[in-house]
Amino acid sequence: MSNPSPVNDRFLRALRRQPVDRTPVWLMRQAGRYLPEYRATRAQAGSFLNLAKNPELACEVTLQPLRRFPLDAAILFSDILTVPDAMGLGLYFADGEGPKFERPIRSTADIDRLAVPDMGQELRYVMDAVSTIRRELNGSVPLIGFSGSPWTLACYMVEGGGSDNYGKVKSLALNDPAAMHRLLRVVTDAVIEYLKAQHASGAQALQVFDTWGGVLSPSMYREFSLRYLQRIAAELPRGEGDERAPLILFGKGNDPYIEDLAASGAEAVGVDWTIGLGDAARRIGGQVAIQGNLDPVTLYATPETIRGEVGRALDDYRDGNGGSREGHVFNLGHGMSPDMQPEHVAAMVAAVHELSAR
């Protein structure tokens, strides 16, 4: 699909470190349970998976926050675990317990049976959602596609769901690193094909969520997470020139590694709230764009306090970037929570645009 520039292209321009009229903003989990209209659509679908696997309903919830707030990008409504689900692990959601797999990885034989899914078959519903959303956006703002990182997906695949200490997956990495790398290689192959297909279906930027990279020690992070993020940045075909889809590498707890991520070939590094934006900007030195990083808990504060914290973050980035606001995409340092107030989101988005106007 051709990817002409949208009417509001400040998000893509910021990722390319080009001048913009104000700092662009979007939010991780901007489509979600904090919106009553999302809850109504989710009830209509009957389950989260039904919602994610119905392209028309996935399109609807993707667009809902854009109707409320002047956000500068849309992000595909989906789940990071669609890839392992399509690899045959049997994703389901237990009430109050989050995602789980019916058939988690329990042996090297399980790893050897894994194969890259057919993007036009097992994951067709995701690509149909991407193309439907692009059509409905009608060139208003860019559309972001995404995937979980290989390490993060492997965590869920081996643990069988969420985990407190990641004992199963870390044990596999420590006791049988060759098997762990076989798992990570096939998952990386799948992630590259998945993001490539999303771009072909209409996604104009791509983000990799390395949600659990920060649970690793430095040596294990470099071996089992960073290596595969670097491979994605190097090998993912994402177009040329104005049609190139910028790649954002985001990770919780990635503060020690942002120089490595910036040197990976990705266009942007997303950071959580535990690193100052000025510090991040100084360390990266204009090599790539930076995305982040307001602490999501700030959205529980009053609108006046939110505005102050937004201004602090914007100024911190500018101070670390030699007095320039360019090359910054404003975001939270992680996703929103279901009990956050839409009015507080509105205050945050307005503050970003007003305080960063050039």
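Analyst: Buried means under 20% relative accessible area, exposed over 50%, and partly exposed in between (1.4 Å probe, protein chains only). This is a predicted model, so local features need pLDDT of at least 70 and side-chain atom pairs count only at pLDDT 80 or more, while totals for chains, interfaces and linings use all residues. Residues are numbered from 1 along each chain as its sequence is written, and side-chain values use heavy atoms, with hydrogens and water left out.

User: Is Asn-138 buried or exposed, and what is its relative accessible area?

Analyst: Asn-138 sits in the loop between α7 (124–137) and β4 (143–148); helices (H or I, at least four residues) and strands (E, at least two) are DSSP runs, numbered from the N terminus. Its phi is near 55°, a positive value in a residue other than glycine. Asn-138 counts as exposed, because its relative accessible area is 67%.

User: Arg-17 isn't a glycine, so what is its positive phi?

Analyst: Look in the loop between α1 and α2, where Arg-17 lies. Arg-17 is partly exposed, because its relative accessible area is 41%. For this non-glycine residue, phi is positive, at about 60°.

User: How many disulfides does the structure hold?

Analyst: A disulfide here is a pair of cysteine sulfur atoms within 2.5 Å. Cys-59 is buried at 4% relative accessible area, and Cys-155 is buried at 1%. The number of disulfides in the structure is zero.

User: What angle do the ring planes of Phe-48 and Phe-77 make?

Analyst: Rings of Phe, Tyr and Trp (its six-membered ring) pair if their centres lie within 6.5 Å; planes under 30 degrees apart count as stacked, over 60 as edge-to-face and the rest as tilted. By this rule there are seven aromatic pairs. Phe-48 and Phe-77 have ring centres 5.6 Å apart and form an edge-to-face pair, because their planes are at 65°.

User: What distance separates the C-alpha atoms of Leu-71 and Val-349?

Analyst: Leu-71 is in the loop between α4 (55–68) and β1, and it is buried at 3% relative accessible area. Leaving aside neighbours within four places in sequence, its contacts (heavy atoms within 4.5 Å) include Trp-26, Val-141 and Val-349. Leu-71 and Val-349 are 278 residues apart along the chain, yet their C-alpha atoms are separated by 7.1 Å.

User: Which residues does the salt-bridge network around Arg-10 join?

Analyst: A salt bridge is a side-chain nitrogen of Lys or Arg within 4 Å of a carboxyl oxygen of Asp or Glu, and the structure holds 25 of them. Arg-10 meets Asp-21 at 2.9 Å, N to O, and also meets Asp-72 at 2.6 Å, N to O. Arg-10 and Asp-72 are both buried, whereas Asp-21 is partly exposed at 39% relative accessibility. Through shared partners, one network joins Arg-10, Asp-21, Arg-22 and Asp-72.

User: Which residue does Arg-222 form a salt bridge with?

Analyst: Arg-222 is partly exposed at 39% relative accessible area. Its closest N and O atoms to those of its partner are 2.8 Å apart, and that partner is Asp-260.

User: Which side chain of opposite charge is nearest to Asp-210?

Analyst: Asp-210 is in strand β5 (residues 205–210). Its side chain joins that of Ser-225 in a polar contact of 2.8 Å; a polar contact is a pair of N or O atoms within 3.5 Å, where within protein one must be able to donate a hydrogen and the other to accept it, and residues adjacent in sequence count only if both atoms are side-chain atoms. For charge, Lys and Arg count as positive and Asp and Glu as negative, with His and the chain ends not counted. Asp-210 is buried yet has no salt bridge, and the nearest side chain of opposite charge, 11 Å away, is Lys-252.

User: What is omega for the cis peptide bond joining Gly-292 and Asn-293?

Analyst: Asn-293 lies in strand β8 (residues 289–294). The bond joining Gly-292 to Asn-293 is cis, with omega at about -5°.
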